[in-house]
Amino acid sequence: MPPASRRYTAGDLVGLHDESRSLLAVVVAEKGTRLDLKVGFEAKAVQRGVRQLDLLAALPGDQPPPSRLSQPPWGLSQETLQQAAPRPRELAAAWLLLLADPVPLALEDFVDLIGDGGDPIQRAACWLWLQSPQTLFRWRQQQVEARPLVDVRRLRRDARRQQLGEQRRRRWQDALRQRQPIDPQQLDPEQRQQLALLREWAGGDTSRPIPDDLHRALQAAHCPMEASPIRHLLVDLGQWERHHLPSLENTTWAAGFSEELEAEAQRLVALAGTVMPSDERRRDLTGLHTVTIDDEDTRDIDDGLSLEHGADGKPRLWIHIADPGRLVPADSPLDTEARRRASSLYLARGPLPMFPEVLSTGPMSLRMGQRSAALSLWVELADDGAVAGYGLEPSWVQPAYRLSYADADELIELAPPQERYLEEIHALMERRRRWRLARGALNLDQPEGRIRCDDQGAQLEITESSPSRTLVAEAMILAGAVIARHGQEQGLALPYRSQLTAELPPEAELASLPAGPVRHAAIKRCLSRGVLGTSPAPHFSLGLPCYVQATSPIRRYNDLLVQRQLLAHQLGQPVLEEAELGQLLSELEGAIRQGLQIAREDQRHWQQVWFEVQEQHQWPALFLRWLRPQDRLGLVHLPDLAMDLAADCHGDPAPGDALLVRLQQVDSLRDLLRFTAAG
């Protein structure tokens with residue numbers, strides 16, 4: 001027996017008889033990226049990374065393909081070739097020998113090195129193996145060469161990377177097919193790009209095409225290439241929040257406020273109690289009994305009311321408007337961000353504010369018991385409700401009470417002797433309301449149902465018209481009318497809101513319709529959209545010669561522009577000219593439109609969520625009007641829900657006809673809500 005340690009040549013190995021060759025043991029094992037080889041007759045370690053390859057891979061060049069090996073003159077079956085295929089240990093030993101003596105071998109000599117070169121079956125099997133993507137040998141010019149160790153290591157690493165990549169691809173495709181939750185960190189860059197592409201499609205952006213391999217994976221998952229099915233898939237994968245709004249994706253509201261802006265907001269909070277420019281010009285109105293009236297969960301309070309009686313006993317109404325411009329100068333970083341948003345968004349799950357909450361609910365807000373900066377407007381009304389006098393000045397106010405609408409309704413109704421001021425304000429606003437109605441203003445008040453979301457899920461909230469809500473709404477309209485009149489008198493450019501005169505249905509026709517939602521729907525159908533411009537113009541629905549929205553500068557950037565123009569004019573500072581203001585309004589238009597779209601989509605989504613969990617699937621309704629008569633799609637009003645909804649209407653209903661509305665389909669992830677209605 002040869003010694004346990006000996007260096008072999010190709011001739012030595014060929015010369016060994018079968019019995020000796022059978023004693024040769026080569027142990028193959030992977031050890032990191034190392035390739036060590038030890039050959040001996042005592043089965044001592046041979047540590048060699050050798051990949052088991054496909055023995056019948058496609059053949060390159062002009063060599064006969066495997067399919068022809070089963071044809072004459074070859075006549076070899078696949079099973080025969082597999083049995084004759086070279087074994088890893090012989091190949092490893094042959095590679096070591098050829099590496100030590102790097103002389104190219106003809107195919108017959110190479111087969112002799114590992115078997116019987118005269119056996120045509122072994123020659124065919126070795127030839128096929130050499131054509132495969134193996135890592136040990138090169139086959140070129142009809143000769144076999146051992147690859148250098150550095151090449152073997154590189155190929156082995158490449159093969160390992162390819163194997164791992166293939167495993168990740170299989171896991172990714174299996175996860176899609178089985179709709180299993182995934183960890184994006186476990187995906188390779190290409191798969192993360194595919195995941196990002198799916199999110200784009202789920203959000204409605206289909207500009208980038210889906211690659212073929214991802215398309216096949218979606219087909220295996222029974223997922224059509226449409227936004228809503230892809231949203232369903234992403235929810236199953238844990239990569240899409242069920243209530244995420246596609247229209248909110250990649251917007252400034254979704255991004256939140258940067259750390260720098262939050263830090264700036266904190267700095268301004270600390271400065272709020274110090275003396276700021278123009279503070280000395282503010283009138284101290286903290287002695288007035290001021291109240292704020294809002295929903296219970298409102299935290300950014302931007303208006304308050306006071307009542308004062310003059311020496312002649314005539315009532316003077318004060319409307320106080322929060323002054324965020326005291327802390328946030330024009331064109332400062334926070335002002336620029338507020339301009340990008342154009343308004344706060346009030347969604348079912350809570351507000352997305354125009355300013356950081358630490359400011360909007362803090363020193364900007366008219367908080368109970370806190371001295372706050374404001375722009376205060378006083379108004380005296382004539383007996384018929386017309387404006388008899390007014391004044392406007394920067395001020396300090398200190399609200400005594402923070403009332404909810406329910407609290408205010410109780411005070412108006414009971415009118416206790418010590419708290420009669422609210423009942424008096426209500427009477428003044430009713431006088432003013434009658435004045436507007438006499439000049440053509442429309443009264444379209446009706447209950448309104450909205451879906452809000454709390455810890456218990458989607459909840460229906462119906463807002464009923466009440467004395468306090470009417471009071472506040474009329475006071476805010478009064479403030480807008482007086483400020484617009486002031487701007488017109490002073491030749492001041494403001495963001496005036498107007499509405500073209502509408503031709504309403506004849507009185508007899510309206511009188512024939514049931515009062516409330518049915519009659520309101522007939523009127524609304526005739527109204528045009530409001531117009532925003534820099535010149536005063538009449539507002540048809542409000543019955544006013546000119547109007548601005550001015551009482552929510554914490555929530556609406558246009559209102560902040562109004563306030564800045566008024567204060568600058570009063571202080572003798574430069575104001576925006578009409579062209580400059582028009583340019584600013586044009587810049588705000590896109591953000592305002594986007595915000596409205598998000599708010600509508602949010603409410604529609606939560607309506608769908610609410611209907612998904614309702615046990616009741618039918619409701620009484622009133623037919624309002626046709627939306628698309630050719631499709632039998634009409635608008636119906638559900639009194640129990642205080643909602644107007646589209647429904648497939650059977651028969652030929654007329655406005656005011658009673659219907660029974662049934663829920664037919666609902667799927668919040670597919671943005672699907674469908675009703676049918678019949679008499």
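I count a residue as buried under 20% relative accessible area, exposed over 50% and partly exposed in between, with a 1.4 Å probe and protein chains only. The model is predicted, so I take local features at pLDDT of at least 70 and side-chain atom pairs only at pLDDT 80 or more, while totals for chains, interfaces and linings use all residues. Residues are numbered from 1 along each chain as its sequence is written, and side-chain values use heavy atoms, without hydrogens or water.

I looked up Arg632. Arg632 is partly exposed, because its relative accessible area is 33%. It lies in the loop between strand 17 (618-628) and strand 18 (633-638). Helices (H or I, at least four residues) and strands (E, at least two) are DSSP runs, numbered from the N terminus. Phi of Arg632 is near 60 degrees, a positive value. Most residues other than glycine have a negative phi.

Next I checked Ala415. Its phi is also positive, near 45 degrees. I found Ala415 in the loop between helix 15 and helix 16 (421-438). Ala415 counts as buried because its relative accessibility is 15%.

**Glu410 and its patch**

Glu410 sits in helix 15 (residues 405-414). It is partly exposed, because its relative accessibility is 47%. Which residues form a negative surface patch? I noted Glu296, Asp407, Glu410 and Glu413. Patch residues have over 30% relative accessible area and no salt bridge; like charges are joined within 9 Å, and nonpolar side chains (Val, Leu, Ile, Met, Phe, Trp, Tyr) within 5 Å. A salt bridge is a side-chain nitrogen of Lys or Arg within 4 Å of a carboxyl oxygen of Asp or Glu.

**Helix 19**

Why is helix 19 (residues 517-524) largely enclosed by the rest of the structure? Because 6 of its 8 residues are buried. I listed them as Pro517, Val518, His520, Ala521, Ala522 and Ile523. These buried residues pack against helix 18 (507-511), strand 17 and strand 18. Strands 17 and 18 are those on either side of the Arg632 loop.

**Ala458**

I placed Ala458 in strand 14 (residues 457-463). Ala458 is buried, because its relative accessible area is 15%. What does it touch, leaving aside its neighbours within four places in sequence? Ala458 is in contact (heavy atoms within 4.5 Å) with Ile451, Arg452, Cys453, Trp606, Val609 and Trp610. I also noted Gln608, which is 150 residues from Ala458 along the chain. Their C-alpha atoms are separated by 9.6 Å.

Definitions and conventions:
Accessible areas come from the Shrake-Rupley method with a 1.4 Å probe; for residues, only the protein chains shown count as cover. Lys and Arg count as positive and Asp and Glu as negative; His and the chain ends are not counted. The place of a charge is taken as NZ of Lys, CZ of Arg, CG of Asp or CD of Glu.
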